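Here is a quick briefing to read with the model open next to you. Take it topic by topic and find each piece as you go.

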Amino acid sequence: MENILKIEKLSIAYGDKLILRDIDITINEGEFVGIIGPNGTGKSTLIKAITDLIDIKNGKITISGVDNRKISRRERAKIVAVVPQEFNIDFEFNAFDIVMMGRNPHMYGKKNTEINDFDIVQEAMVMTNTWQLKDRYFNQMSGGERQRVIIARAIAQQTKIILLDEPTSHLDIHHQLEVLELVRMLKVRHNITIIAVLHDINMAARFSDRLILLNDHNIMVDGTPEEVIDEKYLSKVYEMEMIIRRNKVLSVKEIVPLRVIKEKIDVKKTRIHVISGGGSGEQILERLNSSGFEVTCGVINRGDSDWEMCRILKIKCAEGLPFSDIDERAFLDNTELIAAADMVLVTDVPFGRGNLKNLEILLDSNKKIFMKRRLSQFDYTEGLAISILRKLENKENFSYIEEYDDFIKIISRGD
Amino acid sequence: MKKLSTKNLIISASLLSLAAILLSTTIGIADISITQTIKILASKILRLDFDLGNLKASTITIIWLIRFPRVLLAFFVGGALAICGVSYQGIFKNPMADPFILGVSSGAALGATIGIITKVQFDLFGINAISVLAFAGAVASLFIVYNISKIGNKVPVTTLLLSGIAIGQFLSALISLSMIFSNDLHKIIFWTMGSFNAKSWNQLVMVVPYAIIGFVIIYSSHREMDIMLLGEDTASQLGVDTEKLKKKILVTTALVTAAAVSVTGIIGFVGLIIPHIVRIITGPKHKVLLPFSFVFGGLFMIACDTIARSLMSQEIPVGIITAIFGGPFFIYLLRERKGGGI
């Protein structure tokens, strides 16, 4: 594989304001590189530097083995095409005209290339599904159509590299996906090197071979999405709470952004034991944990999505074997955790024979018990769970809550 | 409005031009028929041996030495100003740009004012002192504006436009100042309103080469000027050397404008509205826009000049006519096209 783009010790400043400092990037031919990072970290500046739209302060950019400063505009436009974020014109060019402009760098000093150029433009427009739009005015098209036309223009430019500067930030989710699938197709079928500045980290992780995370004028980490999508980098760079988990459908790591502004609750070291399972506790476990309560959980089976949440949040829990009844050891662990807690919260988890013990255990407890009111069927034990629940309802320390918000209100009042 | 096909446009534009030139050469205070006009022109241009014996010598003089060169001059000046307007609107991406936006007109006017006040008398290739000074003033003002705006190797458009306006205002103030202390107020005012009065072959010979060579140079960049409409950054990324293109267009249009203005005075509005009107008909592509702006600019100017010299016994400066008739027509077009692009 050839180094198609090499950036060495690159620094860029606008006046006194430093934008990029000592950046080193080497990109191989045919790679799809996603560039991510918060606003103002110089992502778009990097794109401008590669196309020589701004002066660089220090360092060197080499494209296809040639110093970027020695490449003329015309020659560079034969190697690098750019798809900008959003593109508006006030003039009535139709889509065909716009795509034909991509042929400009190839047209100087040549005669009779019109037929050839027409074919190339047609092919690019067919590829991007825009040929049927060729006579429509560009300024009357939707955002998704425009972006496809601009990609067709980049294809018609017949370059080895396509740079994309936040190509999807004005598009709805359908068109975001469409644009990125199209770009990936260019990489796979035509071995075009793709360098894309992307805002959406999950999209970036899904489509890129490699991610470069920029922060504070510099590269924080450069590696595979597997390496880069990690809380230790992302939470620091984006300054927020997040969960990193594996998206099982797409088999990629993904980020679930949680919050930037914290709820302020005087928690007084309250310890809450949560009885949940089957995903019924994901939401409240995270919320309690991040609010600063000491949270425990049990009994949950290994592999259960609540169990995974506990693992991500490092919540202590009594765990059982996958797809099994609660065994003696797990039951004892759970008893201990309940004994240590100040109160118990029961989610609207359904009960079957496997987890009935999680309900029974509460009969002997004198801790305050809050239970989310159940609105649908929850008893899969032919009446056993309901009869236990009736007994619990008669206990003085038992009360229902309608919403988790009510529970948060009660415990933050401290009674 | 539906866009006409290029072929139909070429045919109708050529026929219109021919008819307009003939008609306006015929129209005037001295009563001359169209057949007489055709006869005189045919015998002079095509060297056809028509019998002109039954025509008065004064008729031949009026047609051949006064009206015909004047109509041609109007055509070329109108055309030249229109393509300069197209070029500026294109490279500045600004619909309000006209050939005078960089202070060229004020420079020319100051040069002419100096000529009128000092009453210098000299002749350069048959061109009088006022025209020569106006040309020099126009070129000098562009030179100043360009160098003020230049930062390193680049000329940012916004700086260029703003310093053009600033220098223009400054020079206009100087003109006003000189007018206060001059007895030739009337002459200066008339000069700044533009006129084709008493213009003949000498002036035509001065303007035509600039108009034609200027057109050829600008036209050679028609594809790049299309791309400039997408913005300078995008144009660069599509392989256009934007700084070089800007310089090329600026210098060319400034010289063409200077040549036109120095001969006729300042005729406003043509360079602003003709490009817009033609763009509505042809679309924004310079390949078609430039030639048709030239033709329609020329036709519009012929029409305005014909009105200017035949409406009243006293000739009205043509700059007044272009604005009086062009303004409402342009506003009508704008309202017709509400909501559309430029």
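Where in chain A is the place of A:Gln158? You'll find A:Gln158 in the loop between α6 (143–156) and β7 of chain A. Keep in mind that this is a predicted model.

**The six-stranded sheet**

- Chain A has an open sheet of six strands, in the order β6-β7-β8-β3-β9-β10, and the pairing is mixed.
- At the edges sit β6 (80–83) and β10 (218–223) of chain A, each of which pairs on one side only.
- Going from one strand to the next, the twist averages 15°.
- Strand β7 (residues 161–165) of chain A pairs with β6(A) in the parallel sense, over four bridges.
- For a landmark in that pairing, look for A:Val80, whose bridge partner in β7(A) is A:Ile161.
- Helix α7 (residues 173–190) of chain A lies across β3 (32–36), β7 and β8 (193–197) of chain A. The helix runs at about 155° to β8(A).

**A closer look at strand β3 of chain A**

- Is β3(A) enclosed or open? Five of its five residues are buried, so β3(A) is largely enclosed by the rest of the structure.
- In a regular strand, side chains alternate between the two faces of the sheet.
- β3(A) runs parallel to β8(A), and four bridges join them. In this pairing, A:Val33 stands opposite A:Ile195 of β8(A).
- β3(A) also pairs in the parallel sense with strand β9 (residues 210–215) of chain A, again over four bridges. Here A:Ile35 has A:Ile212 of β9(A) as its bridge partner.

**The four-stranded sheet**

- Chain A also has an open sheet of four strands in the order β2-β1-β4-β5, with antiparallel pairing.
- Its edge strands are β2 (17–28) and β5 (66–67) of chain A, and each pairs on one side only.
- Strand β1 (residues 3–14) and strand β4 (residues 58–63) of chain A pair in the antiparallel sense over five bridges. Find A:Ile7 and you can trace across to A:Ile61, its bridge partner in β4(A).

**Domains of chain A**

- Chain A is divided into domain 1 (3–229) and domain 2 (271–413).
- The C-alpha centres of these two domains of chain A lie 51 Å apart.

**Where the chains meet**

**Nonpolar cores**

- The largest nonpolar core has 168 residues. A:Val99, B:Val77, B:Ala80, B:Val207, B:Ala258 and B:Ala259 touch the most other members.
- Helix α3 (residues 57–92) of chain B gives the most to this core, with 18 residues.
- Leaving out residues up to four places away in sequence, B:Val207 touches B:Leu73, B:Phe76, B:Val77, B:Ala80, B:Ala259, B:Ala260 and B:Val263.
- Another core, of 36 residues, lies apart from the largest one, and among its members are A:Val274, A:Val295, A:Phe351 and A:Phe370.

**Spots to check by eye**

- Back to A:Gln158: its phi is near 50°, a positive value in a residue other than glycine. With 17 C-beta neighbours inside 10 Å, A:Gln158 counts as partly exposed.
- A:Ser251 isn't a glycine either, but has a positive phi of about 45°. Look for A:Ser251 in the loop between β11 (241–247) and β12 (252–259) of chain A.
- Is A:Ser251 buried or exposed? A:Ser251 is exposed, because 8 other C-beta atoms lie within 10 Å.
- The peptide bond from A:Gly298 to A:Val299 is cis, with omega near -20°. A:Val299 belongs to strand β14 (residues 294–301) of chain A.
- Over in chain B, B:Asn94 lies in the loop between α3 and α4 (104–118). B:Asn94 is partly exposed, with 14 other C-beta atoms within 10 Å.

Terms used:
Residues are numbered from 1 along each chain as its sequence is written. Chains are lettered from A and ligands numbered from 1 in the order in which they are written. This is a predicted model: local features need pLDDT of at least 70, side-chain atom pairs count only at pLDDT 80 or more; totals for chains, interfaces and linings use all residues. Two strands pair if DSSP finds at least two bridges between them. Helices (H or I, at least four residues) and strands (E, at least two) are DSSP runs, numbered from the N terminus. Axes are lines fitted to C-alpha atoms, for helices over the stretch in contact, and angles run from 0 to 180 degrees between N-to-C directions. Two residues are in contact if their C-beta atoms, placed from the backbone, lie within 7 Å. A nonpolar core is a set of buried Ala, Val, Leu, Ile, Met, Phe, Trp, Tyr and Cys residues joined through C-beta atoms within 7 Å. A residue is buried if 20 or more other C-beta atoms lie within 10 Å of its own, exposed if 12 or fewer, and partly exposed in between; C-beta atoms are placed from the backbone. Domain bounds come from an automatic or database domain assignment.
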